[in-house]
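Subject: Structure handover

Hello,

Please find the structure below, with my notes after it.

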Amino acid sequence: MLKLSFAHYEALRAHGEETYPHECCGVLLGSSTAAGNEVREVIAAGNTRIDSLHNRYNIASEELVMIQRQARKLSLDIVGFYHSHPDHPAMWSPTDFAEAHWIGCSYVITSVEKGAAKVTNSFLLTGTGEEDKQFIDEPVEIEMNQQEIATQQPRGTA
Amino acid sequence: MNIHIPTPLRAYTGGEPTVSVPGATVGEALEQLTGAYPALRQHLYTGDGKLRSFVNIYLNDDDIRYLPAKDATPAKESDELTIIPSIAGGD
């Protein structure tokens with residue numbers, strides 16, 4: 001289970017719309033509990049794959065080091081990542097799997113069709129290492145406050 | 001010096017997010033780390049002892065792959081090492 005606030009959920013989807021037709025990417029800070037990963041901060045990152053921005057993403061390791069430093073200051077951990085699939089389903093791809101190395105982290109993918117965020121899915125990377133890692137579908141729980149419950153409706157969850 | 005461990009590798013450091021080790025160089029500090037936590041070694045290095053391609057190690061703000069002396073770079077007690085696996089993908 002991935003838990004995040006409605007505001008964070010909307011923010012990572014909006015990021016995918018902003019960067020369309022390019023892929024967006026970012027980091028989820030929070031804590032891991034027995035119930036799953038709980039997100040407390042969403043950090044937008046730059047996509048360094050300028051050679052193929054429409055279907056690839058990469059977060060510069062320098063930026064990751066800074067984000068990890070920021071997480072420590074907030075007493076949070078990196079618990080996941082997000083990126084968008086412009087005009088492509090919100091399912092992990094062979095490239096996503098080959099490049100996934102953060103066991104125990106949530107990989108959130110939003111499909112963006114013609115500039116509008118559609119489906120958002122999360123996949124938990126499980127296993128003990130490169131040899132036995134696998135993505136499993138992970139339910140997403142969106143926390144809403146009273147005002148959001150009265151006025152908003154989350155879009156795009158399976 | 002302090003070595004910051006990324007979340008997926010903390011399973012091999014007893015849950016510790018930061019490990020403090022002695023060492024006059026980056027390589028010595030890493031050797032101390034994997035000596036104290038042997039299960040970590042296979043997640044950082046290939047069978048022939050090379051740093052795995054997706055594992056990045058930073059001495060403060062510098063990727064050790066691009067330092068002239070690489071892991072033989074001298075390190076001070078106040079320096080920080082950060083292990084950070086890469087993040088990439090796409091459809």
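This is a predicted model: local features need pLDDT of at least 70, side-chain atom pairs count only at pLDDT 80 or more; totals for chains, interfaces and linings use all residues.

Sheet of chain A

Chain A has an open sheet of eight strands, with the order 8-7-6-5-2-3-1-9 and mixed pairing. The edges are taken by strand 8 (134–138) and strand 9 (140–143) of chain A; each has a single partner strand, so one side of each is left without a neighbour in the sheet. On average, and ignoring direction, neighbouring strands are turned by 35° against each other.

Within this chain, strand 1 (residues 2–5) and strand 3 (residues 36–45) of chain A run parallel and are joined by two bridges. Leu2(A) has Asn37(A), in strand 3 of chain A, as its bridge partner. Helix 2 (residues 61–73) of chain A packs on the sheet, where it touches strand 2 (25–33), strand 3 and strand 5 (77–86) of chain A. The direction of helix 2 of chain A makes about 135° with that of strand 5 of chain A.

Helix 1 of chain A

Helix 1 (residues 6–19) of chain A has 14 residues and spans 20 Å from first to last C-alpha, close to the 20 Å expected at 1.5 Å a residue. Its buried residues include Tyr9(A), Leu12(A), Arg13(A) and Gly16(A). In general, residues three or four places apart in an α-helix point the same way, because there are 3.6 residues a turn.

Contact between the chains

On the chain B side, 18 residues are in contact with 28 residues of chain A. Strand 3 (55–59), strand 5 (80–85) and strand 6 (87–89) of chain B each supply at least two residues of that side. By class, the side has eight nonpolar, eight polar and two charged residues.

Strand pairing also crosses between the chains: strand 4 (residues 57–59) of chain A pairs with strand 6 of chain B in the antiparallel sense, over three bridges. Asn58(A) has Ala88(B) as its bridge partner there.

Backbone details

The peptide bond from Tyr20(A) to Pro21(A) is cis, with omega near 10°. Pro21(A) sits in the loop between helix 1 and strand 2 of chain A.

Which residues other than glycine have a positive phi? Asp87(A) is one of them, with phi near 50°, and lies in the loop between strand 5 and helix 3 (94–98) of chain A. Asn60(B) is another, at about 55°, in the loop between strand 3 and strand 4 (62–63) of chain B. With 15 other C-beta atoms within 10 Å, Asp87(A) is partly exposed; Asn60(B) has 13 and is also partly exposed.

Regards

Notes: Residues are numbered from 1 along each chain as its sequence is written. Chains are lettered from A and ligands numbered from 1 in the order in which they are written. Two residues are in contact if their C-beta atoms, placed from the backbone, lie within 7 Å. Helices (H or I, at least four residues) and strands (E, at least two) are DSSP runs, numbered from the N terminus. Ala, Val, Leu, Ile, Met, Phe, Trp, Tyr, Cys and Pro count as nonpolar, Asp, Glu, Lys and Arg as charged, and the others, Gly among them, as polar. Two strands pair if DSSP finds at least two bridges between them. Axes are lines fitted to C-alpha atoms, for helices over the stretch in contact, and angles run from 0 to 180 degrees between N-to-C directions. The expected span of a helix is 1.5 Å times one less than its number of residues. A residue is buried if 20 or more other C-beta atoms lie within 10 Å of its own, exposed if 12 or fewer, and partly exposed in between; C-beta atoms are placed from the backbone.
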